[in-house]
Amino acid sequence: MPKDRSQPDACPGALQVHQAADGALARVRLPGGVLTPPQLQTLADAARTLGNGQLELTSRGNIQLRAVKDPNAFAEQIASAGLLPSATHERVRNILASPLSGRIGGVADIRGLVTQLDSAVQSDHALADLPGRTLFTLDDGRGDISGLHGDFGLHAHSETEHSLVLAGHRTSHRVHEDDAISLLLDAAHAFLAVRDKHWRLAEVPDGVARTIDHLGLGAEFAGAIDLSPDAGPAIGWLEQRDGTVALGGGLQFGLLDARLAEFLAAIERPVVVTPWRSVLIFDLDEGAAEQVVRVLAPMGLIFDENSPWLDVTACTGSPGCEKSLADVRSDAITAVEQEKLPIEGRQHWAGCDRSCGRPRGDVADVIATENGYRVNPTVR
C-alpha cells in the first residue's frame, strides 16, 4: 500500500510559520543552541520591529518569535545574519548538544560534531523530507542530552568513541568520531524508509529494531536512557577549564526581552541557548563577569540557582493560544509572587490537556480547566 503522508507537517520554521491566535509564529533553528553576538542582535531587532518584543526559548534550544507582522521580512532579516543557511532544510536542523561541552566537564568536546552534522544534513537532499519534529542529539558523556529522547544521537564514551542512540535508547554499537556523522545520516535515511506516516522514530512500530536492521549493524539496545540527575540549567558563576568564566542565566518562562537580548549581544561573547530555556555566556574574565551580573540581573536574567522561577514553566496560554482555557502565565506569576504555588518542585502550567511545552523529567502538571486548575503530580 502507498504510504499515507496526507497529513501536512505543520511544524513551524522561519519560512513556514504557524498562525496562532496572536499572529504568525516563526521558529529559528539553532544547532547546538549556538548564537554569535551579531545573530543575537539581529533576532533582538526582529523581535522589536516585527514581533511582540520578545524571543521565546524552546525546549530544543531554538528561538521563536510570536505575532510576526511580516514573515517575509523576518526571513530576509535572519538570512542576512546566517540564521537561514538552507531554505529546503531549515526545519530539520534540530540538533541538541551538551551546552557546556568543551568548556566545563564532559568526556568529549562535541562542538565540532555539531557543525559537521549541521553541514552534512543540509548537503543531503533526501533529508529535507525529514519531519520538522525530527531531533538529533549529541551528548558529550555527561548524560544531559541523550535522556531528552531524540531520534538519532551519539553518546560519548571517550574523546573519540561514541555509542549510537536511537529514539532515546542506547545501542551496543560504538563508532569512532570520524565515522559518527555518516552513521547518523544513515540512521536518518533508515527512518525515512520505515517511517510510513509517523513523525518520530519512537512512534514507528519496532522502529529502533527496524532501523538497526536497515543499517545492518546487528546491534542490541536496552531500555530508554534516563536523564542524568544533574541534567538541567547550569545557573550562576561557572569556572571554565581554561580559567575564564561562564555565566548561566535563567529566564521567566524562557522569555528573552529584546532589550535584554541586545545587552547580551553587546557583551560580544559566545552565547548558547539551552534545552532548559536558559542562556550561557562564555569566555568572560572575572571582571567582565561581575559587571554582567550587576547589569543583567536587574533586567531579568536569573543567576540565583534557588530562584522559584527555575521550577516553573508554562505554555503560551491565553490570549496567544485559542485552545487555552486560562491566562496561565499571569496566573503562575501571581502564584509565585504570593508564594502560593499549588505544589512544590518542578511544575508546568498549561492551558489545556495538551500541555504544550512541557519539559521532560519529574514535572508536575498544573492544567487549566473550566473550573480552575487541576494538579497532576504524576511523573512522566
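The legends below describe close-up views of a predicted model.

**View 1. Packing of helix 1 against helix 6.** Helix 1 spans residues 37-49 and helix 6 spans residues 258-266. Their axes come within 8 Å and cross at roughly 165°. An angle over 145 degrees counts as roughly antiparallel, and helix 1 and helix 6 are therefore roughly antiparallel to each other. The crossing of helix 1 and helix 6 is left-handed. On the helix 1 side, the contact is made by Pro37, Leu40, Gln41, Ala44, Asp45, Ala47 and Arg48. These residues meet Ala258, Ala261, Glu262, Leu264 and Ala265 of helix 6. By class, the residues of this contact comprise 8 nonpolar, 1 polar and 3 charged.

**View 2. Threonine 42 in helix 1.** Threonine 42 is part of helix 1. Its relative accessible area is 15%; a value under 20% counts as buried, so threonine 42 is buried. When residues up to four places away in sequence are not counted, threonine 42 touches Gln77, Ile78 and Ala81.

**View 3. Packing of helix 4 against helix 5.** Helix 4 covers residues 177-194, and helix 5 covers residues 207-215. The two helices pack at an angle of about 120°, and their axes are 9 Å apart. Helix 4 passes helix 5 in a right-handed crossing. Helix 4 contributes Leu183, Asp186, Ala187, Ala190, Ala193 and Val194 to the contact. Their partners in helix 5 are Arg210, Thr211, His214 and Leu215. The contact of helix 4 with helix 5 holds 6 nonpolar, 2 polar and 2 charged residues.

**View 4. Aspartate 206 in the loop between helix 4 and helix 5.** Aspartate 206 lies in the loop that runs between these two helices. Most residues other than glycine have a negative phi. Aspartate 206, although not a glycine, has a positive phi of about 55°. The relative accessible area of aspartate 206 is 60%, and values over 50% count as exposed, so this residue is exposed.

**View 5. Alanine 167 and glycine 168 in the loop between strand 9 and strand 10.** Strand 9 is formed by residues 161-166 and strand 10 by residues 169-176. Alanine 167 is found in the loop between them, and glycine 168 has its place in that loop too. Alanine 167 is not a glycine, yet its phi is positive, at about 50°. With a relative accessibility of 6%, alanine 167 counts as buried. Glycine 168 is also buried, with a relative accessible area of 0%. From glycine 168 to arginine 133 the C-alpha to C-alpha distance is 15 Å, and the two are 35 residues apart in sequence.

**View 6. Serine 146 and its contacts.** Serine 146 is placed in the loop between strand 7 (136-139) and strand 8 (152-156). With a relative accessible area of 0%, serine 146 is buried. Leaving aside neighbours within four places in sequence, serine 146 is in contact with Asp139, Leu154, His155, Val165, Gly168 and Ile225. The C-alpha atoms of serine 146 and arginine 259 are separated by 34 Å, and the residues are 113 apart along the chain.

**View 7. The cis peptide bond between serine 318 and proline 319.** Most peptide bonds are trans. The bond that joins serine 318 and proline 319 is cis, with omega about 0°. Proline 319 is found in the loop between strand 17 (312-314) and helix 8 (328-337).

**View 8. Cysteine 315 and cysteine 321.** The structure holds 0 disulfides. Cysteine 315 is in no disulfide, and the nearest cysteine sulfur, in cysteine 356, is 6.6 Å away. For cysteine 321, the closest cysteine sulfur is that of cysteine 352, at 6.1 Å. A disulfide needs the two sulfur atoms within 2.5 Å, so the sulfur of cysteine 352 is too far from that of cysteine 321 for a bond. Cysteine 315 counts as buried, at 11% relative accessibility, whereas cysteine 321 is partly exposed, with a relative accessible area of 23%.

Key: Residues numbered from 1 in each chain as written. Predicted model: local features only at pLDDT ≥ 70, side-chain atom pairs only at ≥ 80, totals over all residues. Heavy atoms only, no water. Axes fitted to C-alpha atoms, helices over the stretch in contact; angles between N-to-C directions. Helix = DSSP H or I, 4+ residues; strand = E, 2+ residues; numbered from the N terminus. Parallel < 35°, antiparallel > 145°, perpendicular 65-115°, else oblique. Left-handed = near helix turned anticlockwise from the far one by under 90°. Contact = heavy atoms within 4.5 Å. Nonpolar A, V, L, I, M, F, W, Y, C, P; charged D, E, K, R; others polar. Buried < 20%, exposed > 50% of the residue type's maximum accessible area, 1.4 Å probe, protein only.
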